[in-house]
Amino acid sequence: MIIDKSQRIFTIPNILSIFRIGILPVFTYIYLTADTDKEYFLAVFLFFLSALSDCFDGMIARKFNQITELGKLLDPAADKLTQIVLLFCLAQRFKFVWSLAFICLAKDIFMTFMGALILKIKKRKLNGAKWYGKVSTAYAYAVILILLLFPRLNPALSDILTISCEILMILSIVLYARVFYDMWKGEA
């Protein structure tokens, strides 16, 4: 019996995605219970291991023809779970991270809903991420990384970083709303 390559389960990229999901409870425990710089460093190290495996899983999947249906689900699930865990952990130490998490979630829901709606009704889809979406996402990752690397960051500075990130996210949502409106009207 020949198995379609896209139906395989135990490929290196899938194992890396499972590793990323499995490391999240360990990261969470270490980060939330950390008292010393060494403990924070260990949590950050685990996060970097996860990020490194994320970089390699897609590359390996493409280069060695190990793209699978399971991998198409596992990789984005591991990405979202990692984002959720990071925001949850950071929200325990930095007050405005809860609202940032809410705005990120609202943006994801909005983008998914509008993309699906326009695809279903108008048979059109967004042609990739727009520059402002990429900028807001990159800035969010930078803020999250700074907060992760510097758990004792001055509260005023962490508030400025987080609030500026929220503003960029909201601006991105507004600009995407305009794109979706134009798509709906048939102008984009």
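Student: What volume does the largest pocket have?

Tutor: The largest pocket has a volume of about 640 Å³, a volume being the space filled by probe spheres set on grid points joined across faces, edges and corners. This is a predicted model, where local features need pLDDT of at least 70, side-chain atom pairs count only at pLDDT 80 or more, and totals for chains, interfaces and linings use all residues. Residues are numbered from 1 along each chain as its sequence is written, and side-chain values use heavy atoms, without hydrogens and water.

Student: Why is a space called a pocket and not a cavity?

Tutor: On a 1 Å grid over the protein atoms alone, a cavity is a set of points where a 1.4 Å probe fits but cannot get out, whereas a pocket is an open set with protein on both sides within 12 Å along at least five of seven lines.

Student: What makes a residue part of the lining?

Tutor: A lining residue has an atom within 4 Å of a point. For the largest pocket, 24 residues line it, and Lys80, Gln83, Cys104, Lys107 and Asp108 lie nearest its centre.

Student: Which helix gives the most to this lining of the largest pocket?

Tutor: H4 does, with 8 residues. Helices are DSSP runs (H or I, at least four residues), numbered from the N terminus.

Student: How many residues of the largest pocket's lining are nonpolar?

Tutor: The lining has 15 nonpolar, 5 polar and 4 charged residues. Ala, Val, Leu, Ile, Met, Phe, Trp, Tyr, Cys and Pro count as nonpolar, Asp, Glu, Lys and Arg as charged, and the others, Gly among them, as polar.

Key: Helices (H or I, at least four residues) and strands (E, at least two) are DSSP runs, numbered from the N terminus.
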